[in-house]
Amino acid sequence: MRIGRALLDEMIAHAKEENPNECCGLVSAEPGMDGQAVRIHRAINVFKTHLRFEIDGLELKKILDDIEHNGLKLGALYHSHTRTEPKPSQTDISRAKLWPGVEWIIVGLADGEAPEVRSYLIEDGQVREVALEVE
């Protein structure tokens with residue numbers, strides 16, 4: 001995924017604001033295989049914990065409808081890991097089967113100083129890190 005610095009900074013700010021709980025949200029992108037990230041859609045983590053995240057079904061539907069209404073596509077789900085490095089947890093891997101072809105961007109805050117952001121494709125339980133091109 002290609003993402004502008006301002007959008008990435010917005011995602012990192014969301015993670016820091018929700019710390020010590022995980023943040024979560026969606027990234028809309030231009031249609032096409034190498035879609036450019038267009039917008040960050042912050043969501044509320046209904047669990048309000050550092051262990052996992054979930055977006056309320058009605059809120060998720062509203063965001064997805066907004067993305068579709070604007071002629072965009074869902075490019076990525078994002079969330080933070082506040083105590084571990086930004087690698088998919090077993091929970092992330094299990095839940096990814098509901099989102100085929102969608103990148104998972106994880107903002108790692110465990111360092112405390114410099115957030116680390118990585119992106120993954122998770123398909124059939126297999127995790128593959130993919131490039132997050134910051135422009």
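Buried, in this talk, means under 20% relative accessible area. Keep that cut-off in mind, because several residues will be sorted by it and by its counterpart, exposed, which means over 50%, with partly exposed in between. The model on the screen is a predicted one.

Cys24 has a relative accessibility of 0%, so Cys24 counts as buried. Cys23 has a relative accessible area of 1%, and Cys23 is therefore buried as well. How many disulfides are there? The count comes to zero. For a disulfide, two cysteine sulfur atoms have to be within 2.5 Å. The cysteine sulfur nearest to that of Cys23 belongs to Cys24, and it is 6.7 Å away.

Next, the charged residues. Side chains of opposite charge can pair when their charged atoms come close. How many salt bridges does the count give? It comes to nine. I will go through some of them.

Take Glu17 and Arg42. They form a salt bridge, with the closest N and O atoms 2.7 Å apart. Glu17 sits in helix H1, residues 5–18, and Arg42 in strand E3, residues 37–43, so this pair links distant parts of the chain, 25 residues apart. Are the two partners buried or exposed? Glu17 is exposed, at 53% relative accessibility. Arg42 is partly exposed, with a relative accessible area of 34%.

Strand E3 also supplies Arg39, whose partner is Asp66 in helix H2, residues 57–69; those two are 27 residues apart and again link distant parts of the chain. The side chains of Asp66 and Arg39 meet in a salt bridge of 2.7 Å, N to O. Here both partners are partly exposed: Asp66 at 25% relative accessibility, and Arg39 at 41%.

A further bridge is the one between Arg118 and Glu116, where the closest N and O atoms are 2.7 Å apart. Glu116 is partly exposed, at a relative accessible area of 33%.

Now a charged residue without a bridge. Glu103 is in strand E5, residues 103–108. What is the nearest side chain of opposite charge to Glu103, and how far away is it? It is Lys73, at 7.5 Å. A salt bridge needs the nitrogen and the carboxyl oxygen within 4 Å. Glu103 is buried and has no salt bridge. What does Glu103 touch, then? Leaving aside neighbours within four places in sequence, its contacts include Met1, Leu77, Tyr120, Leu121 and Val130. Gly75, Ala76, Ser119 and Ala131 are also among them.

A search of the whole structure finds one cavity of 30 Å³ or more. The largest cavity has a volume of about 40 Å³. Which residues line it? The lining is made up of Glu22, Leu51, Arg52, Phe53, Ser89, Thr91, Asp92 and Arg95.

Ser89 is in the loop between strand E4, residues 73–81, and helix H3, residues 90–95. At 28% relative accessibility, Ser89 counts as partly exposed. As a reference distance, Ser89 and Met11 are 78 residues apart in sequence and 19 Å apart in space, C-alpha to C-alpha.

The peptide bond from Asn19 to Pro20 is cis, with omega near 20 degrees. Pro20 is in the loop between H1 and strand E2, residues 24–29.

The other two places have a positive phi in a residue other than glycine. In Lys48, phi is near 45 degrees. Lys48 belongs to the loop between E3 and H2, and it is exposed, at a relative accessible area of 55%. In Asp124, phi is near 55 degrees. Asp124 is in the loop between strand E6, residues 116–123, and strand E7, residues 126–130. With a relative accessible area of 81%, Asp124 is exposed.

That is the end of the tour.

Methods. Residues numbered from 1 in each chain as written. Predicted model: local features only at pLDDT ≥ 70, side-chain atom pairs only at ≥ 80, totals over all residues. Heavy atoms only, no water. Helix = DSSP H or I, 4+ residues; strand = E, 2+ residues; numbered from the N terminus. Buried < 20%, exposed > 50% of the residue type's maximum accessible area, 1.4 Å probe, protein only. Lys, Arg positive; Asp, Glu negative; His and termini not counted. Contact = heavy atoms within 4.5 Å. 1 Å grid on protein atoms, 1.4 Å probe; cavity = no way out; pocket = protein on both sides within 12 Å on 5 of 7 lines; lining within 4 Å. Points joined across faces, edges and corners; volume = space filled by probe spheres on them.
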